[in-house]
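The following exercises ask the reader to locate residues, links and spaces in a structure, each with a worked solution. Please examine the sequence and the model before reading on.

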Amino acid sequence: QAQVAESGGGLVQAGGSLRLSCEASGSFFSINRMGWYRQAPRKQRELVAVLTSSGSTNYAESVKGRFTISRENAKNTVYLQMNSLKPEDTAVYYCNAQVELRAGIWFDYWGQGTQVTVSS
């Protein structure tokens, strides 16, 4: 089993920065993809940024050039550096980890979410 826990959300003014962290812990074989998703009120959850173990990244168009995803494989931790924040970035941000529980057995784990609020 694995657990995923986020930290680093909060309230910031427009134009400010925040850094989110997410650590996967527990007993598992490996982790492939780790990433961030967000869900604003009355909207569906959407991809923000993902990073594979090989270093490939994928960003939502709305955050390209402002957000940067990075990872410390040795710590099973992924970060999301968010700069030039806008009010429309306000959402609950969720961490996702694609975990290999045993060889060839994969499962998606989600964190509880962390609130990011950007005031105008």
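Q44 is exposed, at a relative accessible area of 70%; here exposed means over 50%, buried under 20%, and partly exposed in between, with a 1.4 Å probe and protein chains only. This is a predicted model, in which local features need pLDDT of at least 70 and side-chain atom pairs count only at pLDDT 80 or more, while totals for chains, interfaces and linings use all residues. Residues are numbered from 1 along each chain as its sequence is written, and side-chain values use heavy atoms, with hydrogens and water left out.

**Exercise 1. Place Q44 in the fold and state which residues Q44 touches.**

Step 1. Q44 belongs to the loop between β4 and β5. Strands (E, at least two residues) and helices (H or I, at least four) are DSSP runs, numbered from the N terminus.

Step 2. Not counting residues up to four places away in sequence, Q44 touches R38 and Q39. Contact means heavy atoms within 4.5 Å.

Step 3. As a distance check, the C-alpha atoms of Q44 and N73 are separated by 29 Å, and the two residues are 29 places apart along the chain.

**Exercise 2. Describe the phi angles of R42 and N76, and the setting of each residue.**

Step 1. Most residues other than glycine have a negative phi.

Step 2. R42 is not a glycine, yet its phi is positive, about 65°. R42 sits in the loop between β4 and β5 and is exposed, with a relative accessible area of 83%.

Step 3. N76, also a residue other than glycine, has a positive phi near 50°. N76 is found in the loop between β7 and β8 and is partly exposed, at 24% relative accessible area.

**Exercise 3. Find the disulfide and explain which parts of the chain the disulfide ties together.**

Step 1. The structure holds one disulfide, that is, a pair of cysteine sulfur atoms within 2.5 Å.

Step 2. The partners are C22 and C95, with an S to S distance of 1.9 Å. C22 lies in strand β3 (residues 18–26) and C95 in strand β9 (residues 91–102), so the link ties together parts that are 73 residues apart in sequence.

Step 3. The angle about the S-S bond is -80°, and the link is left-handed. From C-alpha to C-alpha, C22 and C95 are 6.3 Å apart in space.

Step 4. Both C22 and C95 are buried, C22 with 0% relative accessibility. Beyond four places in sequence, the residues that C22 touches include A5, M34, W36 and N76.

Step 5. One of these, A5, is in strand β1 and counts as partly exposed, at 47% relative accessibility. Besides C22, A5 is in contact with S21 and E23, leaving aside its neighbours within four places in sequence.

**Exercise 4. Identify which residues of the largest nonpolar core touch the most other members.**

Step 1. A nonpolar core is a set of buried Ala, Val, Leu, Ile, Met, Phe, Trp, Tyr and Cys residues joined through side-chain atoms within 4.5 Å.

Step 2. The largest such core has 32 residues, of which W36, L80, M82 and Y93 touch the most other members. Elements giving two or more residues to this core include β1 (2–7), β4 (30–39), β8 (77–82) and β11 (114–119). The largest share, five residues, comes from β9.

Step 3. Neighbours within four places aside, the contacts of L80 include L18, L20, W36, V48, F67, I69 and Y93.
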